[in-house]
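I opened my notebook to work through this structure piece by piece. These entries record what I looked up, topic by topic.

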Amino acid sequence: MIDKRVDTLDDAVAGVADGSTVLVGGFGNSGVPVELVHALLEQGAGDLTVVTNNAGSGETDIAALIREGRVRKIICSYPRSAGSVWFEQFWRAGRIELELVPQGTLSERMRAAGAGLGGFFTPAGADSLLAEGKEVRVINGRKHVFEEPLPADVAFIKAARADRWGNLVYHSAARNFGPTMATAAALTVVQVREFVELGDLDPEVVVTPGIYVDRVVRVAA
Amino acid sequence: MIGGLTPVAMARRVAADIPDGSYVNLGIGLPTLVGDVVGADKEIIYHSENGILGMGPAPADGEGDPELINAGKQPVTLLPGGAYFHHTDAFMMMRGGHIDVTVLGAFQVSERGDLANWATDQATMPPAVGGAMDLAVGAKRVLVMTTHTTRDGRPKLMAACTYPLTAAAVVDRVYTDLAVLDVVAGGFLVREMVAGVSPEELQSLTAADLRFADDVGVLPA
């Protein structure tokens with residue numbers, strides 16, 4: 001029998017190794033798997049490369065991981081936000097490496113990894129500082145920059161409901177990076193607010209098929 | 001200081017150029033005002049990079065969905081007929097040329113239509129790019145809405161940008177508090193100016209050679 005549900009957040013984050021590349025869903029405060037990130041903090045893995053759109057704010061989730069010195073490198077599109085004080089402090093002190101990636105490229109690099117592709121050429125950033133050191137090719141008269149896939153060891157995402165096969169539906173704009181990140185990691189861990197029976201999710205509207213999902217844990221809303 | 005348009009008057013002028021039925025992405029900052037002043041006679045579908053089409057106005061105080069936010073992380077609503085989708089799709093819509101119009105802010109625009117709106121030359125703040133590069137290269141029509149000069153009076157319309165580029169040769173039209181200018185072969189062509197500004201004064205506030213249309217219109221206050 002396939003049952004991807006786990007009982008506790010500790011079980012959900014078990015086995016994440018030091019040095020892992022970790023995808024963390026969310027855009028601003030929408031769709032961030034806060035409880036999974038806090039469980040990872042408890043679990044203790046360090047020397048992490050974190051891939052996420054923003055670099056956290058305040059004292060919770062990604063900001064807390066940075067504050068506790070667990071993040072060696074962050075790959076994101078927009079590290080600054082109101083309250084991104086821990087990231088900024090670590091960045092100024094040279095204690096965290098930043099790889100800045102245009103947002104669409106960030107998402108597409110993960111998609112390429114999930115799709116088994118060796119990368120892609122995009123016009124985004126082709127005339128910018130972010131293309132430095134990358135192959136640039138003129139395609140249909142326009143400059144494109146080559147971007148490599150971005151695979152990961154682990155993905156932490158937040159969805160609304162899951163069944164025991166790991167099929168997922170999301171809630172409004174909290175979907176954001178979740179469906180793409182789910183495809184790009186060797187271990188995809190999902191927090192949901194509700195488990196449902198097999199067959200309860202309308203197959204016409206399942207957003208992430210369970211093939212991409214390894215563990216689901218329920219977190220009270 | 002010349003009396004220029006208020007931000008709302010600028011937004012009204014931009015809105016007048018957006019055709020009924022357009023798919024539109026409004027950048028963070030000044031451009032978000034455009035959504036507030038588009039006439040009720042037009043049906044516009046707003047796109048947000050975090051996976052929303054059919055985005056509606058901010059919810060009433062205390063109502064709304066905390067996960068339903070726009071690119072600026074502000075709460076929004078979804079109109080009937082709206083849809084959610086994931087980040088990779090949201091950026092396919094941008095890069096793939098499916099967005100009819102984007103309105104972006106700018107630090108600088110060059111006479112070739114180069115856009116600089118993601119980084120200044122400050123080394124004290126970590127860089128952040130977000131979705132600006134994808135949007136600038138992908139939207140069918142790129143409109144820039146910005147004050148004509150910086151707060152301390154320096155030109156923002158340049159012969160060549162001195163700040164790092166977001167994208168090269170992408171801007172179609174610029175709306176400032178003083179003028180509407182098209183980017184055409186050969187540089188900026190002034191289409192409209194506010195009353196009380198002379199061509200010489202406008203030129204003195206611009207770091208590129210201006211040409212003036214034969215029938216320069218009055219930019220309504």
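This is a predicted model: local features need pLDDT of at least 70, side-chain atom pairs count only at pLDDT 80 or more; totals for chains, interfaces and linings use all residues.

**Entry: the sheet**

I found an open sheet of eight strands, paired in parallel. I wrote down the order as β1-β14-β12-β9-β2-β3-β4-β5 (chain A). Then I looked at the edges, where β1 (5-6) and β5 (97-100) of chain A stand. Each has a single partner strand, so one side of each is left without a neighbour in the sheet.

I noted a general point about how this works. Strands of a sheet pair through backbone hydrogen bonds, either parallel or antiparallel.

Next I checked what lies on the sheet. Helix α2 (residues 34-43) of chain A packs there, and I saw that it touches β2 (21-24), β9 (152-158) and β12 of chain A. The direction of α2 makes about 120 degrees with that of β12(A).

**Entry: strand β12 and its partners**

I looked up β12 (residues 185-192) of chain A in more detail. It runs parallel to β14 (residues 215-218) of chain A, and four bridges join the two. I picked out pairs of residues. A:Q191 stands opposite A:V217 in β14(A). A:V192 has A:R218 of β14(A) as its bridge partner.

I then turned to β9(A). It pairs with β12(A) in the parallel sense, over six bridges. One pair I noted is A:I157 with A:V190, the latter in β12(A).

Is β12(A) enclosed or open? I found six of its eight residues buried, so β12(A) is largely enclosed by the rest of the structure.

**Entry: chain A as a whole**

I stepped back to take in all of chain A. I listed six helices and 14 strands. The radius of gyration is 17 Å, and the globule rule gives 17 Å for 221 residues, so chain A is as compact as a globular protein of that length. Along its principal axes, the C-alpha trace spans about 50 × 40 × 30 Å.

I also asked how much of chain A is buried. The answer is 52% of its 221 residues. Then I looked at contacts in chain A between residues at least 6 apart in sequence. Of these, 75% join residues at least 24 apart.

**Entry: where the chains touch**

**Entry: helix α5 of chain A**

I checked the length of α5(A). At 1.5 Å a residue, its 12 residues should span 16 Å, and its end C-alpha atoms are 17 Å apart, which agrees.

Then I looked at burial. I found 12 of the 12 residues of α5(A) buried, so this helix is largely enclosed by the rest of the structure. Among them are A:L106, A:E108, A:R109 and A:M110. What covers α5(A)? The cover includes β2, β6 (120-122), β8 and α6 of chain A, together with α3 (87-95) and α4 (132-138) of chain B. After α5(A) comes A:G116, which has a positive phi near 70 degrees.

**Entry: helix α3 of chain B**

I moved across to α3(B). Seven of its nine residues are buried, so α3(B) is largely enclosed by the rest of the structure. The buried ones include B:H87, B:F91 and B:R95. I saw that their cover includes α5, β6 and α6 of chain A, with β1 (23-26), β2 (45-48) and α4 of chain B. B:G97 follows α3(B), and its phi is positive, near 75 degrees.

I wrote down the background rule. Most residues other than glycine have a negative phi.

A:N140 is not a glycine, yet its phi is positive, about 50 degrees. I located A:N140 in the loop between β7 (136-139) and β8 (142-147) of chain A. Is A:N140 buried or exposed? It has 6 other C-beta atoms within 10 Å, so it is exposed.

B:A169 is not a glycine either, and its phi is positive at about 55 degrees. I found B:A169 in the loop between β9 (157-158) and β10 (173-175) of chain B. It counts as partly exposed, because it has 14 C-beta neighbours inside 10 Å.

Methods
Residues are numbered from 1 along each chain as its sequence is written. Chains are lettered from A and ligands numbered from 1 in the order in which they are written. Two strands pair if DSSP finds at least two bridges between them. Two residues are in contact if their C-beta atoms, placed from the backbone, lie within 7 Å. Axes are lines fitted to C-alpha atoms, for helices over the stretch in contact, and angles run from 0 to 180 degrees between N-to-C directions. A residue is buried if 20 or more other C-beta atoms lie within 10 Å of its own, exposed if 12 or fewer, and partly exposed in between; C-beta atoms are placed from the backbone. The expected span of a helix is 1.5 Å times one less than its number of residues. The radius of gyration is taken over C-alpha atoms; the globule rule is 2.2 Å times the number of residues to the power 0.38.
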